[in-house]
Every structure is written in structure tokens, then in C-alpha cells.
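The sequence and the structure are shown first.

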Amino acid sequence: MDHPPRPELFDFHGISMTHYFTSNWENVQKFQARPDDVFIASYPKSGNTWLCYILDLLYFGPTSMFLQQRVPNLEINIPARLTASRESVATVLGTDHIESMQTSPRLIRTHLPVHLIPKSVWEKNCRIVYVARNAKDSVVSYYHFERMTVIFPEPGDWDSYLKRFMAGKMVFGSWYDHVNNWWKRKQSYSNVHFMFYEDLIENTGREIEKLSTFLGLSPSSEEMERIIDLVQFDKMKTNNNINLSGFAGMDFKVSSFIRKGKVGDWKNHFTVAQNEEFEEDYKIKMKNSTLKFPIKVLTENP
């Protein structure tokens, strides 16, 4: 299959975006949420798919369907020929997919910054699970993702990519703005459950228990054991319903969608000079933030 050309970044409501996430914008903004909808939000490559799978298992148990069908992306607008399910329509619109869902609650994923979330989500007081990942591991994972994914811009070399990340010229905008603004929203909106990727890695079971409490769920000990086992990275990496192996918009010779799932992989990519520059920039951008990550990502050299 011939891949479409790589999209170009453009400014969209104050952030960088591509047409794959903006061409259906009127319907995204008019989207009518339901009170029992559950949204899984994050900056790209921060554990969104992991959380989607956990929530899907908590609510509905194991299934043979593609996760992307069960937990669709709200803002996406891509040619159907690229999707793993090869849907019969010409274009897959996230809003149409969600409207056709028969499950309750509807589980909906998004990478939108908080100021672009449809108004109905707040009006219906929907539950939102937000997962954040430390900036250094986020940029490394995002880099490998963009290398393999043709519906994202050409990443270029690592050094220029890192500078672009620091400048916030990324699809879905600045990591710093994204995590900080969602963190601020959590302080005034009680139905945001803010999670950290690093905590999930450290103790998956503990974090799923906290998540279950937020969602009002009470999985049995047997169900918890089964879920914890299924969501281990080695299991997800080989699960074709999760790993997007059928998605024609990715080149799996370059990388895998579920790559490592590690904390600290940035040390294998950052040079000492890059790390020093990144730390200084990070301190400036985060100096007024109360958001603190559970690991020290700023004090170590690679």
C-alpha cells in the first residue's frame, strides 16, 4: 500500500496540529457527551493506550475486538484504508464512531489539550482519567512513534526533534502546556483523576485500585490479578488487538507501537550536553508549576 504524504504542522487555536486531527473540528466541538462517558486523556506517548486497555478490561473484560474500535479517538479523521479494521467507510471520523457505540459507558480517548475539550464534557460532568509521563521519556517515545507513523510529520534527526519538542512545535502542542493546564483543571474539576505513568510502572495493581475507586468499580481479587497480568507490556506487545500491527499507517520495520514501556529510556538517547540544555529549559518552563513527577528526571546525566 502506498502511504499518504507526511502532513505539515500548522497553528490551530494556539497549538501545532495536522489535518488528521482538525478536519472534523466542527463535529468535535459539537460533540454531545453523556453523563456516564469516561474520557482517557494524555499528551501523546504518555500511556494513553495502556490506560484505555485497563479501563476496557475493568468495565467489559477481555474481548476479541481491536482496542481502537472499543475506545475510539475523539478527534481523529483518517482514511479507513489505513486502519487495522479496514472499515467500509472512506474516512474514519472519531465522532461518528463514538455516536455508533452501543456500550455503556462509552470509553473515549483524546490527546486534546484541556482548552479544546468539547463543552458538553464539562456540562455533563464526565469522568476524565488523565495520565502524564515525564518529559524526557515522553519526547523519546514520541520521536520513535513519529519515525514509524506516516500520519504524523517527518521527525527529522534526534537533535532537531528534541529542540522542536522544547519549543512546543509538536502535534497537540507543548508538553509543558498540556500537562500543566490539565493539572490546573484537576484542581477545580473533581472528576479528573490525574495519574502518572511512572506510578503505573512502579505498582500497577495499586494504581488500578485507585482508578477503580475513582470510577466507582469494585473488581474482585481474581479480576484484578487477571487485569494486571494482561496489561503487562510483554503481553500487550504481542496482542494484535492492542499493538496496532494491522495499522497500515505505521512502518513496523522502523519501530513498534508498543516499544519498551520503561522509565528512564531517555538516558539511551540524550547526550550530556542535550540533557543539560533540556534541564535548564525545563526549570524555566516548570518554575511556576505545582505539578511534581514521582521520579527525579532533572538531576541525572545520561
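Arg206 is partly exposed in this predicted model, because its relative accessibility of 29% lies between the 20% and 50% cut-offs. The side chain of Arg206 forms a salt bridge with that of Glu207, with an N to O distance of 2.8 Å. Glu207 itself is buried, at 4% relative accessibility. Arg206 and Glu207 also belong to a network of salt bridges that links them with Glu202 and Lys210.

By the rule applied here, the count of salt bridges comes to 12. One of these joins the side chains of Arg6 and Glu154, at 3.7 Å from N to O. This pair links distant parts of the chain, as the two residues are 148 residues apart. Arg6 lies in the segment before strand S1 (10-12), whereas Glu154 lies in the loop between helix H6 (135-148) and helix H7 (158-167). Arg6 is partly exposed, with a relative accessible area of 24%, and Glu154 is exposed, with a relative accessible area of 53%.

A further salt bridge is formed by Lys30 and Glu26, whose closest N and O atoms are 3.6 Å apart. Lys30 counts as partly exposed at 47% relative accessibility. Glu26 has a relative accessibility of 57% and therefore counts as exposed, the cut-off being over 50%.

The distances of the pairs described above are set out below.

| Salt bridge | N to O distance |
|---|---|
| Arg206 and Glu207 | 2.8 Å |
| Lys30 and Glu26 | 3.6 Å |
| Arg6 and Glu154 | 3.7 Å |

Key: Residues numbered from 1 in each chain as written. Predicted model: local features only at pLDDT ≥ 70, side-chain atom pairs only at ≥ 80, totals over all residues. Heavy atoms only, no water. Salt bridge = Lys/Arg side-chain N within 4 Å of Asp/Glu carboxyl O. Helix = DSSP H or I, 4+ residues; strand = E, 2+ residues; numbered from the N terminus. Buried < 20%, exposed > 50% of the residue type's maximum accessible area, 1.4 Å probe, protein only.
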